[in-house]
Amino acid sequence: MKTLRDVTVGETVKVVKLHGEGAVKRRIMDMGITKGVEVYVRKLAPLGDPVEVNVRNYELSLRKADAEMIEVE
Amino acid sequence: MDKQLRIALAGNPNSGKTTLFNKLTGSNQFVGNWPGVTVEKKEGRLIVDKEVILTDLPGIYSLSPYTLEEVVARNYLIEEKPDAILNIVDATNLERNLYLTTQLTELGIPVVIALNMMDLVKKAGDSINVKELSRQLGCQIVEISALKGEGVTEAAKAAIEAAKHGKTIPQHSFSGPVEHALAHIEEVTVHNLPEEQQRWYAIKIFERDEKVLEQLKVPADVRAHIENDITAAEKELDDDAESIITNERYVYIGQMLKGIYKKKGKGQLSVSDKIDKIVTNRILALPIFALIMFLVYALSMGASITDGGISIGTFLTDWANDVLGGAWLTDGSRAILEGWNVAPWLVGLISDGIFAGVGAVLGFVPQMLVLFLMLCLLEDCGYMARIAFIMDRIFRKFGLSGKSFIPMLVGTGCGVPGVMATRTIENERDRRMTIMTTTFIPCGAKMPIIGLIAGALFGGSTWVATSAYFIGIAAIVISGIMLKKTKMFAGDPAPFVMELPAYHLPAWGNVLRGTWERGWSFIKRAGTVIVVSSIVIWFLTSFGSVNGQFGMVDDLYEDDSVVTDEYVAQVAERMGIPEDEVEPMDDSILARVAQPVSIVFKPLGFGDWKPTAATVTGLVAKEEVVANFGIMYAYDDQNGEEELEENGDQIWGRVAEDFNAFSGGHGRLAAYSFMIFNLLCAPCFAAIGAIKREMNSRKWTWFAIAYQCGFAWVTAFIVWQLGRIFVGGMNVIGLILALVMLALIGWQLFKPYKEAQKLTVQ
C-alpha cells in the first residue's frame, strides 16, 4: 500500500482511501483531502517533517505520521 | 422597538474575516473570551445600523466536534440562534471555503455570503458565475473586497435584510442510502426539535457526533435502531459515516463548481509561491528563520538604541521605568503628597506601593507594543504559520507547538510579553502548556540573581549563567513531556494539519488594532493584579510590630523609647545577627513570616529567613531579590557609599559568609539550590497577571503557579540532597526521598503516551 508519506517531493498523486479514525482523520478530510482528490507534494520542512502539499488549490502542511493514513496511487 | 438583531460572522481562517469585521464595526468593538476557554470573542455594532450586533466567530474550516474553535462556533450557532449568518468566502480558495458553507446552510439560519477577493480571481484571468453559484447554494451572494472596503456595506445590509425576512434552505442532498438513513433519523429522534434545525441534528446523529448524542440524550433503544440504518448506509458505500458525509460534501461542491468556476491560467507560480520557495527552502529556511527571530528580539527586547542596539522598545521602556515610573510617578507623587502634609504611611502606600506598582506595569508597555506589532505583522503576512511548519518537528516532542518558540525567545527578555505571545498558538492544549513553561527560561530580571550567586560563591564563573539557561530549557522539556501525559492535558487532540496561507502585504489597520488590543488587555487585567499585590508586599515589608507596638517599622525605629538597647539585643538574637546590623525591616511582618516559612526551604539547603524573604519579594519583581539582599545584608548606600550594583557585588562577601554559615559549610551548594528555586518558581506578579489573562481561568492559573513552585522545589531538593553526596553531610532520608522523586519523574517521562481522540469541552 502506497501512502502519502512515501510520495517523493514534486509528485502528484490521487487519494484512494483514508485510514485511521477520529479527530485527525476528520481534520484531514475537512481540509479537503478526500477520496479521488489530487495532491501535489510540494516540499519537506527543513527538519524533514512535516510535509507541505497542494490540495484543492491551496497549501496544506501535515505530519508524516498523519500522511501515513492517506492511501494514494 | 424591534428586537435587537444579532448576526454571526463565520468563515475560514485567513479568509479576510478580521478585516471584514473591522470594516463593518469600526471602533464599536468589545473584545473578550468565550466563556471558560482561551478562544477570543469579539463583538461589535454594525456601522450601518448600530442596533445590530455582529459576533465574530472563531475562524473555522468545519463544524466538527474535534477542535475548540469549532465547538465554540457551533454551540453559539445552535444555542444562541443568531438571526443571520454572514459567511465570508475566499473566492481564491472556493472549494474548501464552500465546504463550511454547506454546513452553515443546514443550521436553519439565513445565510448571506460575502464573496471576498473576487478582484484577485479576476486579476488571475479566472471567472466565477456568481449568479449561478447563488442559485445553487440557495443564498444571496455579495461580492466584496474586505481590504479595500468595497461591497462591505452592501453585504451588511443584505445580512440585515436576511435576518429580518430571509430563509435559507440547503440545496445540496446526499446520496440515496444517506438520505434514506437521514429520513429515518429525523422521524425517530429529532421530530420534537425546531423544524429548521432538524436536518443539522439528523446529519450529526448520522455522523455519530458524540457531542450531539450526549446533548440530545438519545435513548439506547432508539440509538440501536438508528445504528442499523447507519451501518446499512456504511456497508453500501464502503466507508464510515463521518467520511461519507465529508466526502459527499466535497463531491457536491466539485460538481457544482464545474460549470461555475472557469480557470484560465494553470500551473503558474504565484508571487506567494515564489516567496515560499525561498523562505521555507530546505537550506535557507533555518537561517532566514534565525534572522527574523533575531530582528524580532533585537527590535523589541534587545539592547536599547542608546546602548548601541536597535531596540526602540527597550529604549522607551528604560525611559518609562527610570523617568516616568521612577522619577515622575514614584518620586513626583511623593514630593506632591509630602507637600500636602499627607500622613507618611499614606505617602508610602501611594508612592511606593501603588505608583511603583503601576510604574512597573507601564514600564513594560513600550517593549510589549513593539513586540506585539512585530508578531501581528508576522501573523498577518503569513509567516507565523511557516514558523510552526519549520519548528514543529522539535517542539511537538514535548507537547508544545512549533509556535512555542516565539514565547520562549521573548521570555529570555521578559516573561510577561513571552506569556502574551502565546496567543498566536491556535491549539488550546499547546497554548496552555506554553504558558506554563515559558517563564522557566531565565528572564532579564533573573540575571542579577544569577550574577549575585555566581559572584558571591563561584568566583564569577560563567558556567553558572550558562547552566541557568540549560536548567531552564531542561525544565521546559521535562515539564512538557510529563504534563502532556497527565489527565489535565490528555483531553484534547492536537492534529497538526495546518493551512499555509498565501503571503500577502500586511493590512496595517488589522496589525495596529491587534497590537493595541493585546497591549491594552495587558494594561487592564494584569495591571489590577500587579497593583493589588504590590500594595500587599509593600504593607508586609513596611509594617510590623516593634517591642509590642504595631506600626510602620521605619517610624517606630526612630523612637528610642520603643527600640531600647535591650530590645535590639533581642532582635539580634532572634535573627541571628550582630546588634549593630539590626534593621527596621527585621521587625516587618515579612521578616516575621519569613522566619517560620523558611522551614519550607530547609530541605533545599537555604532555610534561613533572609533568602526566604528575598524569594517572597521576588514575586513583585525578580530584580527585588538582589535589592532585598542589599537591605538585609545591611548595605547602606546613604553613608557616602555608592549605590548597590545590579548584581550586588559589594555584598558578595557577606552573602558568601552567611550562606556558608547557615548551610553548615556547604554555601556553594545551598546558593546554587537557592538560585534554581528562584529561577523556576512562580514568576513575578506581572507575569502571573499575564498568565491569568491568557489562561482565562482561575483554576488553570493556580495550577500553573502551583506546578511551577512544586517543580522548582523538587528540582532544588534533588540538587541539594544529591549534591551532598559529593560535598559531604549526606542526609540518608533526604537522599532516599530525592531518589524516589527522580524515579517518579523518570517514570512519568518514559511511560508510553497515546494521543487523545476526543475533545473535552463543557
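Which strands of chain B does helix α3 (residues 94-104) of chain B lie across? In this predicted model, helix α3(B) lies across β1 (6-11), β5 and β6 (111-116) of chain B, and the helix runs at about 165° to β5(B).

## The seven-stranded sheet of chain B

The strands named above belong to an open sheet of 7 strands in chain B, whose order is β2-β3-β4-β1-β5-β6-β8 and whose pairing is mixed. At the edges of this sheet stand β2 (29-33) and β8 (140-144) of chain B, each of which pairs on one side only. Neighbouring strands of the sheet are turned by 25° against each other on average, with direction ignored.

One pairing within this sheet can be followed residue by residue: strand β3 (residues 40-45) of chain B and strand β4 (residues 53-56) of chain B pair in the antiparallel sense over 4 bridges, and B:Gly44 has B:Leu54 in β4(B) as its bridge partner. Helix α6 (residues 152-165) of chain B also packs on the sheet, where it touches β1, β5, β6 and β8 of chain B, and its direction makes about 160° with that of β8(B).

In the domain assignment, chain B is given domain 1 (6-165), domain 2 (176-262) and domain 3 (508-750). The C-alpha centres of domain 2 of chain B and domain 3 of chain B lie 60 Å apart.

## Where chain A meets chain B

How many residues of chain A are in contact with chain B? There are 31 residues of chain A in contact with 30 residues of chain B. On the side of chain A that touches chain B, two or more residues each come from α1 (22-30), β2 (38-44) and β4 (58-62) of chain A, and the largest share, 8 residues, comes from α1(A). Divided by class, this side of chain A has 14 nonpolar, 6 polar and 11 charged residues.

Within that link, the bridge partner of A:Ser61 is B:Met498 in β10(B). Elsewhere in the sheet, strand β1 (residues 12-18) of chain A pairs with β5(A) in the antiparallel sense over 3 bridges, and A:Lys17 has A:Glu71 in β5(A) as its bridge partner.

Two packed helices are described by the angle between their axes and the distance between the axes. The table gives these values for two pairs.

| Helix pair | Axes come within | Crossing angle |
|---|---|---|
| α26 (589-597) and α27 (609-617) of chain B | 8 Å | roughly 115° |
| α20 (447-457) and α30 (667-680) of chain B | 10 Å | roughly 175° |

By class, the contact of α26(B) with α27(B) has 7 nonpolar, 2 polar and no charged residues.

The axes of α20(B) and α30(B) cross at roughly 175°, and these helices are therefore roughly antiparallel to each other. Their contact involves residues including B:Ile449, B:Ile453 and B:Leu457 of α20(B), and B:Ala671, B:Phe674 and B:Met675 of α30(B). The residues of this contact divide into 9 nonpolar, 2 polar and 1 charged.

## Local backbone features

Which residues of chain A does a cis peptide bond join? A:Asp49 and A:Pro50 are joined in this way, with an omega of about -5°, and A:Pro50 has its place in the loop between β2 and β3 (51-55) of chain A. In chain B, the phi of B:Lys81 is near 40°, a positive value in a residue other than glycine, and B:Lys81 lies in the loop between α2 (68-80) and β5 (84-90) of chain B.

Key. Residues are numbered from 1 along each chain as its sequence is written. Chains are lettered from A and ligands numbered from 1 in the order in which they are written. This is a predicted model: local features need pLDDT of at least 70, side-chain atom pairs count only at pLDDT 80 or more; totals for chains, interfaces and linings use all residues. Two residues are in contact if their C-beta atoms, placed from the backbone, lie within 7 Å. Ala, Val, Leu, Ile, Met, Phe, Trp, Tyr, Cys and Pro count as nonpolar, Asp, Glu, Lys and Arg as charged, and the others, Gly among them, as polar. Two strands pair if DSSP finds at least two bridges between them. Domain bounds come from an automatic or database domain assignment. Axes are lines fitted to C-alpha atoms, for helices over the stretch in contact, and angles run from 0 to 180 degrees between N-to-C directions. Angles under 35 degrees count as roughly parallel, over 145 as roughly antiparallel, 65 to 115 as roughly perpendicular and the rest as oblique.
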